[in-house]
Amino acid sequence: MTERKPPGVSFESFVDRQIRQADERGEFAELPGFGKPLASLDAPYDELWWIKGKLHREGFAVLPPALALRKEAQDAREALEAARTERQARDLLTEINHKIRKALRMPPPGPPLNLEEFDVEAELTHWRESRNPG
């Protein structure tokens, strides 16, 4: 825990001493990313870097809801190919179809949705055939 700066000690030396003591105790050795380069070191400066990072960490979408759902449907199609079992594939399709159905009943604001529900049985047939070619 940090202590109060004693009177008569310069602020800089007080802070430097606390950092040095914490380093000696090893309090910086277990931090995430320790010893790794900063990810954004070569990126151009962005005034909103902190806000964008916070939104990303909190799971907020930058895309309008319709575009976010289109992206999610595209990701579901890619995840379908990586599904290990038919049950996993069916659950994936059922979940995305539920979201698409909900959006079709009450379209989100923004650009048109331009999505249809996945034909679960046709997709699963294709999924099975890709696993057993021949």
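A crossing is right-handed if the near helix is turned clockwise from the far one by less than a right angle, and left-handed if anticlockwise. The model shown is predicted: local features need pLDDT of at least 70, side-chain atom pairs count only at pLDDT 80 or more, and totals for chains, interfaces and linings use all residues. Numbering starts from 1 along each chain as its sequence is written, and side-chain values use heavy atoms, without hydrogens and water.

**View 1. H3 crosses H5 right-handed.** Helices are DSSP runs (H or I, at least four residues), numbered from the N terminus. The two axes, lines fitted to C-alpha atoms over the stretch in contact, come within 10 Å and cross at roughly 40 degrees. Arg77, Leu80, Glu81 and Ala82 of H3 meet Glu123, Trp127 and Arg131 of H5; contact means heavy atoms within 4.5 Å.

**View 2. H4 packs on H5 at about 145 degrees.** H4 spans residues 86-105 and H5 residues 120-131, with axes 10 Å apart. This crossing is also right-handed. H4 contributes Glu86, Ala89, Arg90, Leu93 and Asn97. H5 contributes Val120, Glu121, Glu123, Leu124, Trp127 and Arg128.

**View 3. The largest nonpolar core has 17 residues.** Such a core joins buried (under 20% relative accessible area, 1.4 Å probe, protein chains only) Ala, Val, Leu, Ile, Met, Phe, Trp, Tyr and Cys through side-chain atoms within 4.5 Å. Leu69, Ile96 and Ile100 have the most contacts inside the core. H3 (65-82), H4 and H5 each supply at least two of its residues. Beyond neighbours within four places in sequence, Leu69 touches Ile96, Lys99, Ile100, Ala103, Leu113 and Leu115.

Definitions and conventions
Axes fitted to C-alpha atoms, helices over the stretch in contact; angles between N-to-C directions. Buried < 20%, exposed > 50% of the residue type's maximum accessible area, 1.4 Å probe, protein only.
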